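Hi everyone, thanks for making time for this one. Let me put the structure up, and then we can walk through a few spots together.

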Amino acid sequence: MAGASAPKRQDTRKFFENLSGAGKSIAVLTSGGDAQGMNAAVRAAVRMGIYVGAKVYFIHEGYQGMVDGGDNIKEAKWESVSSMLQVGGTVIGSARCKDFRTHEGRLKAAHNLVQRDITNLCVIGGDGSLTGANLFREEWSSLLEELLQQGLIDEEATQRNSELHIVGMVGSIDNDFCGTDMTIGTDSALHRIIEVVDAIMTTAQSHQRTFVLEVMGRHCGYLALVSALACGADWVFIPEMPPEDGWEDNMCQKLSENRADKKRLNIIIVAEGAIDRHNKSITPDYIKDLVVRRLGFDTRVTILGHVQRGGTPSAFDRILASRMGVEAVLALLEASANTPACVVSLVGNQAVRLPLMECVQMTQEVQKAMDEKKFDEAVRLRGRSFENNLSTYRLLSFRKADSELPNGEEEAGDEEQIDSSFNVAVMNVGAPAAGMNAAVRSAVRVGITEGHKMFAVNDGFEGFYKGQIKEIKWGDVGGWTGQGGSLLGTKRTLPGKHLDKIAEQMRIHNINALLVVGGFEAYVGLLELAAARDKYEEFCVPMVMVPATVSNNIPGSDLSIGSDTALNAITDTCDRIKQSASGTKRRVFIIETMGGYCGYLATVGGLAAGADTVYIYEEPFDIRDLQANVEHLTEKMKTSIQRGLVLRNENCNENFTTDFIYQLYSEEGRGVFDCRKNILGHMQQGGAPSPFDRNFGTKIAAKAMQWITRTLKESYKGGRVFANSEDTACLLGMRRRTLVFQPVVQLRDETDFVHRIPKEQWWLKLRPLMKILAKYKTSYDVSDSGQLEHVTRVRPKDSNTSTAI
């Protein structure tokens, strides 16, 4: 791996070399309902544990295995977690365990752990499993006392094992755990649901049918809510927000309006725990009978059931679980007698540690609020991410009648009548990215809801100067969320050479604001328009850009629309390629990914696919690094490991081409392994958008549209819009935990324009993680790793700039 050990600078960073696991034993178990990605978490925890010098054990079959002991508790080796990254479920087994709920059961479990000197537990499961672990920890010293009195262990063993440390990772497809934005398995479950909905949509379209889909979530409506957002469902039922009384009439009216509007199908999504205001459950069959009885529509019910738990984990879940697994081991190494049991989780894009019991109590409070019919309280307790999903769904799902749209409102103390109907143009710029259409749909519908007239510009800035601009209505964007590519058409053309004509088109169509969805060209284009404001008054309007590019190379944003879909394409292909070699002799694959000069896809794809080495432009490498990598891989392939994976970003080095690296590995590996090479190419840009990209695109565009409305109101003076300050030409990006509007002019200094990448990129911190999991010795900066925080309860209303994804 390029530059395996970074030079030590005298700075405030702390490195985990000082954290040693020598003499410690860590046990990893999965418990409760299984979830895709659990294996990735197990793999990361085992490898990180071995890496720091600890002894690591598997506990098979969850708590049942801990109680039964014997062969259920086995030491794990580096190779024992090889090639499990792409497997769904949990390889070490999980069980719901009655014995562990009894005092005798826990006593047996404690005995089994003490016999092996295991005092560090890494538990992957839902809130039940984690609560059990915490109880076990609280009882630990009294259990040891009891074992000592019964003569089962001696005084020395009691001393040696006096403290039990516990770190949890939440594996649950329902995403029902408070304090964490995403639990392991949720994203994969959404993938399964969306695959089914996309398939059902084509048959429903053919027959003009209504489909009622039941998704999992007995107490939590997250899966139902997000899948409804991601496929543009007509109606959704979730336990946290029961419909108002009389919902039957409202729903039927909405369904028939949609049919009248030439929509050939209806999709209704129901969480299995859906209830009405009187805590009476709402079942798919009840809904079906209602629709058939009242509207006579041909209606079918599909219950997804355990399909949602199955299948391979998505790229997001593998990365989430790998980051959490490593973080969990760090938390165990840093734990002391007085640190509470904690869970590691993700908030926004950042790993955090939270006290386990605070999260569990808050999760239980949600249920209590629902039982007491305090539904608004329940939604608030679920956290920012859930609230945002709900408010975006509400914004997009109900079309207002023309009579309800705001039209000319009096401003208090202002003699002038504000014409609140502004003309807002939406366009795509740059290469196509999956999720662009979801963003455009969301922008158009939110804009119409806010009283604007929306215009679509075809073919980017090229179409703009040629005048390819037309009004776009609510119904025109129906069914767009699931479509890949760019339906508006997109080009890489920059506006610089055509400013005259673009200004003229803005004048002709009286465009008062501009929303650009696109990649690096969109960013440069916005800079050019903002710079031309002195010369052209037409550009003195609010302009905002939403990042959409597979390369994820836009300054000012940690993530961009389209990169998750591309990562999944890379991960799926790597899985297939690795599988193609099963049963043959040892083989190494050299795979080239896209991304221009940005190594995001290669690095994060490598983490998700379990790559041995990843070559990128941002981390220069020379022939000595290549040699070290080949030797490292050769040594590894002499063990039981059969397959190697090497990823190379397309522009990482002009001389060390994919062919060169392929030939080098072929020559040096002769007699140990053979090589194959693969260039993934444009398949990384295609395909239906992943649930994450649909959801991210939908929410970020809605947010951008609300900013446009606010900025238009602020800049409307003397009967016209005039906005020429820096903060009226912005990029809306995700920074760590929040969505932030940043003036594009201020992002200039953060950009390397020659290589079209940001000067600082957060994901470079993930590289050491990937190297550790591939058995390289490296330096890992843990100063950013989660300090213990507390679950926040009552929050002030979100300021306009921040939101969770």
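Let's start with Lys473 and Glu471, whose side chains meet in a salt bridge at 4.0 Å, N to O. Keep in mind as we go that this is a predicted model.

Now move over to Arg648 and Glu592. Their side chains also form a salt bridge, 3.6 Å from N to O. This pair links distant parts of the chain: Arg648 sits in strand β22, residues 643–649, while Glu592 belongs to strand β20, residues 587–593, and the two are 56 residues apart. Both Arg648 and Glu592 are buried.

Next, please find Lys636 and Asp612. Here the closest N and O atoms of the salt bridge are 2.6 Å apart. Lys636 is in helix α20, residues 623–637, and Asp612 is in the loop between α19 and β21, so the pair ties together parts that are 24 residues apart in sequence. Lys636 counts as buried because its relative accessibility is 9%, and Asp612 is buried with a relative accessible area of 9%.

Thr603 is buried, because its relative accessibility is 1%. What does Thr603 touch, leaving out residues up to four places away in sequence? Its contacts are Val614, Ile616, Trp763, Arg767 and Met770.

On to α7, residues 222–231. This helix is mostly covered, with ten of its ten residues buried. Among them are Tyr222, Leu225, Ser227 and Cys231. Just after α7 comes Gly232, which takes a positive phi of about 65 degrees.

Finally, step back to the loop between β6, residues 210–215, and α7, where you will find Arg218. Arg218 is exposed, because its relative accessible area is 56%.

Conventions: Residues numbered from 1 in each chain as written. Predicted model: local features only at pLDDT ≥ 70, side-chain atom pairs only at ≥ 80, totals over all residues. Heavy atoms only, no water. Helix = DSSP H or I, 4+ residues; strand = E, 2+ residues; numbered from the N terminus. Buried < 20%, exposed > 50% of the residue type's maximum accessible area, 1.4 Å probe, protein only. Contact = heavy atoms within 4.5 Å.
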